[in-house]
Every structure is written in structure tokens, then in C-alpha cells.
Amino acid sequence: MDYFLLLPEGCVCDILSFTSPKDVVISSAISRGFNSAAESDVIWVKFLPDDYEDIISRYVSPRIYPSKKELYFSLCDFPVLMDGGKLSFSLDKKTGKKCFMISARELAISWGVDTPWYWEWISHPDSRFSEVAHLKCVSWLDIRGTIGTQILSKITKYVVYLVFKLTKDHDGLEIANAFVRFVNRVSNKEAEERASVVSLVGKRVRRRKRNVKRPRKRVDGWMEIELGNFINDTGGDGDIEARLMEITRLHGKGGLIVQGIEFRPE
């Protein structure tokens, strides 16, 4: 006998609200007593960010959702653009934690403004943003992205990724340095000293250097390379900066297409 069928729906909602989105879906699949409660806005609004209404108000293209459950899963499966298309927002499906991607246009890219012989701005059919940055040729590669910790989920470990593609004729991207730092607490010099070594091309550097982070393919067809991670405690630590750079080996570098930098819960 399914004893949960005997409980008032409000009681079942209270039980489910102390679980996770994943647990709610599983519970509704194994017990009819959870089915009705699992559709309730009372539950799903608790899994949405506290500031979800403010986030929705900043959408580039406003949407209407019949229920909080549909809103939740839509945000998990379909990232939305906000703040004039400068930022992409989504939710981690298992936890409901916030994910953000900063568009390439909002990144600080050395030689990336008004220098089309170094970087050009183009549209890309696979990008969620209207423009991506295409590296034609530079010797000084330096890309930074900054976001305020106050808009991220609290008490959460975040991992930061550069989201990119390579052209067939890419060159000079075998080795770079990457780090993540709290702007108000860690200087650039300190962060550079503990920077990790990454390769945007992966396999070509495997035999030459150990402990090199390599890229992996995403489900959306892009590649991502980890730049670093951090713990967002109360959201009161100011800005966090992620940086990819190769400014010591001044050889030519090209063939990199940057969609953005993503801040994603671990």
C-alpha cells in the first residue's frame, strides 16, 4: 500500500520541499502519493533562485511559463539571454544552482577592440550570443572575464570555463596559463604565480608536459577548458575574475573562436 496517498497534499509538499529537484522527480515516478504534489508551484518555487523574478525581468525576450515546474526545467534545458544579450543564464538541473556565461563581447580581450587584423567579431550559428570573437593572429593572448559574486548561488563551489572552438588552421595554442581570483583579495601577481597550465588543443601537448589541463567537448558542440574554481560563500566577496593568458612565448597564435566564459556549479 502506498501510504503517501493517505497524507494531505500540503504535508507531502512540505516533505518534498526539503529534498532536491532530482528527488522530487524520482519520488513522483515511484509513488502515486507524490504525483500531485510534485506538480505544485509550492514545491518548485523553493527550488528556483530567490531572485528569479528579478532575473526574469532582465530577459532579452520575455516568456510566459504555465507553472513554476515548467519554468524550472526550461531554465535547465534552455539558457536565456539577459541584460541586453551580454549574459546567459541557466540552472543546474540537479541542484537548481545558478549558471552564468559572460558573452565574448563582455570579456576584456587584449587587442580585441577596433583591431580586426588581430580579432574579428562574427556571428556563429552554434552560439547563444549574437557575436563571437575570432582570433586571427596575435602574439599576446590575454582574455579576462569578471562577474559579481552577489548574483551567484551562495555556499556553492563554482568551476569556471572558457567556452570555445578551434578553426582547422589554429596555431600556437598548445600552452597557456589560467587562474581565477577574488579581485579584492588576490593580486594579479599572486594569481599568476599559482596559475595552472592549460592546453586549448589537448592531445598535441600530452607527451611534452605533465599536469596540463585539457579541453573537453560539451553537449552543445563547443569545447571548454577549466580556468579554475572558487567557493562562493555569502556572495559578499565582490568581483571574481577568470583569466586565460599566454604572454611569455611571443609567437603567433590564431584560430581560436571564443563564445564566452561560463561560471558553473561543480
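**Note on a predicted chain: pockets and salt bridges**

1. Of the 266 residues in the chain, 49% are buried (under 20% relative accessible area; exposed is over 50%, partly exposed in between, with a 1.4 Å probe and protein chains only). The model is predicted: local features need pLDDT of at least 70, side-chain atom pairs count only at pLDDT 80 or more, and totals for chains, interfaces and linings use all residues. Residues are numbered from 1 along each chain as its sequence is written, and side-chain values use heavy atoms, with hydrogens and water left out.

2. Overall form. The C-alpha trace spans about 70 × 35 × 35 Å along its principal axes. The chain holds six helices and 14 strands (DSSP runs numbered from the N terminus: helices are H or I with at least four residues, strands are E with at least two).

3. Contacts and surface. Take the contacts between residues at least 6 apart in sequence: 68% of them join residues at least 24 apart (a contact means heavy atoms within 4.5 Å).

4. Largest pocket. Its volume is about 550 Å³. Lining it are 22 residues, and Arg 218, Val 219, Asp 220, Glu 262 and Arg 264 are the closest to its centre. A pocket here is an open set of points on a 1 Å grid over the protein atoms alone, where a 1.4 Å probe fits, with protein on both sides within 12 Å along at least five of seven lines; lining residues have an atom within 4 Å of a point. Points are joined across faces, edges and corners, and the volume is the space filled by probe spheres set on them.

5. What lines the largest pocket. Two or more residues each come from helix H5 (68-77), strand S2 (87-91), strand S11 (216-217) and strand S14 (254-265). S14 gives the most, with three residues. By class, the lining has 13 charged, six nonpolar and three polar residues (Asp, Glu, Lys and Arg are charged; Ala, Val, Leu, Ile, Met, Phe, Trp, Tyr, Cys and Pro are nonpolar; the others, Gly among them, are polar).

6. Second largest pocket. This one holds about 380 Å³ of space. Its lining has 14 residues; nearest the centre lie Leu 48, Pro 49, Asp 50, Ser 153 and Lys 154.

7. Salt bridges. The count is 23 (a side-chain nitrogen of Lys or Arg within 4 Å of a carboxyl oxygen of Asp or Glu). One joins Asp 126 and Lys 165, at 2.7 Å from N to O. The two sit 39 residues apart: Asp 126 is in the loop between strand S5 (119-122) and strand S6 (132-135), Lys 165 in strand S8 (residues 156-171). Asp 126 is partly exposed at 40% relative accessibility, whereas Lys 165 is buried at 16%.

8. Another pair. Arg 144 bridges to Asp 142, with the closest N and O atoms 3.9 Å apart. Arg 144 is partly exposed, at 24% relative accessible area. Asp 142 is buried, at 5%.

9. A charged network. Arg 218 and Glu 224 form a salt bridge at 2.8 Å, N to O. Both residues are buried. Bridges with shared partners join Arg 128, Arg 216, Arg 218, Asp 220, Glu 224, Glu 262 and Arg 264 into one network. Among the residues closest to the centre of the largest pocket are Arg 218, Asp 220, Glu 262 and Arg 264.
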